[in-house]
Amino acid sequence: MLGFLFLNPSPFEPSCIIALFLRTPLKCAVYFLYRFLTALRSPPSPYTHPVRVVCLSDTHTLTQPIPDGDVLVHAGDLANAGDLSELQAQIDWLNSLPHPHKVVIAGNHDTYLDPRSRRTLSDEQRHRELRWGNIHYLQHSSVILRIPNPVGPSKYRSLKVHGAPQIPQCGGPEFAFQYPRGRDAWTETIPKDVDVLVTHTPPRYHLDLPLPTGLGDEYLMREVWRVRPQLHVFGHVHVAAGREVNWWDDGQAAYERALSRPVGCLTRGLLDIAMWIDLAMVLFWGVRNVIWDRVWGGEGRSTILVNAGLMRGNSGRLGNKVQVVEI
């Protein structure tokens, strides 16, 4: 029972690591072992002339200096109240930035952009139109960007970007693009040939506060396994901002399987044979792949995951690092 006393009551804030270990020691071991072994691997190799993607999310009406790049991606929650005035101010700011290509999706706070949640706004805010300028707004849709390529047989490199805003329910009717948690809103919804995937919700167990249960969506996690884009940008969980690499191997599968197992008491958790097997699989594949990478220079297929949330926790201030990825 002692572990439960220190768990954070908010699912969007991290809990004390001692409490997590007392509640689910093997899950903690799997989580930290997977992250340690993955961090030992070399990052994916970019193209000879890479495309520089600047990743933003969860700006919540605020602005800050943004690094230069070829493509600017905003993964939702431009607004707080979600009315047209807030959204237009953020759109005008993004349009003022020098990036040649800009892609935006909605987040749950962007009320106006979902016809269902828009009904909660005033008449004045409901019946006006946004001016998107040179921004590609994606809502269950894709765009192909052509980026100049000074090397290679072609003058341009094409990137297919797909955006999807839907998110497991986390608020009232004013929140946009919600669906009941546990419902499959993702299977076979993303084109197979996508290079850059932009969602607001994280995939489950990746940059989403995965312990003890995970805030991301398990069906999105499976869909990203199917599609395996070069880059997946999302936000929503501010305190989990950062990046990691998925290598699509049996070690990653064991990690996700272990974290999906039910949380029990300390004694029952330590006697979970299946969890011990998953832990051994994470260790075996992690060590194998580090050796394959560092000794023989091998590299498997991978996806760079970026939680691009700029809001520092629930502070009301931006402060997380802007993630810039070269692919």
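Trp-296 counts as exposed because its relative accessibility is 61%, where exposed means over 50%, buried means under 20% and partly exposed is in between (1.4 Å probe, protein chains only). You'll find Trp-296 in the loop between α9 (273-294) and β12; helices (H or I, at least four residues) and strands (E, at least two) are DSSP runs, numbered from the N terminus.

A quick word on the model: it is predicted, so local features need pLDDT of at least 70 and side-chain atom pairs count only at pLDDT 80 or more, while totals for chains, interfaces and linings use all residues. Residues are numbered from 1 along each chain as its sequence is written, and side-chain values use heavy atoms, with hydrogens and water left out.

Now for a residue in a strand. Asn-307 lies in strand β12 and counts as buried because its relative accessibility is 1%. A polar atom of the Asn-307 side chain lies 3.0 Å from the backbone oxygen of Val-237. Contacts of Asn-307 (heavy atoms within 4.5 Å), leaving aside neighbours within four places in sequence, include Leu-207, Phe-234 and Gln-323.

Here are the two residues side by side:

| Residue | Relative accessibility | Class |
|---|---|---|
| Trp-296 | 61% | exposed |
| Asn-307 | 1% | buried |

What does β12 pair with? Strand β12 (residues 303-307) pairs with β11 in the antiparallel sense over five bridges; two strands pair if DSSP finds at least two bridges between them. Val-306 in β12 is the bridge partner of Arg-243. Strand β11 (residues 242-246) is mostly covered, with four of its five residues buried.

Conventions
A polar contact is a pair of N or O atoms within 3.5 Å; within protein, one must be able to donate a hydrogen and the other to accept it, and residues adjacent in sequence count only if both atoms are side-chain atoms.
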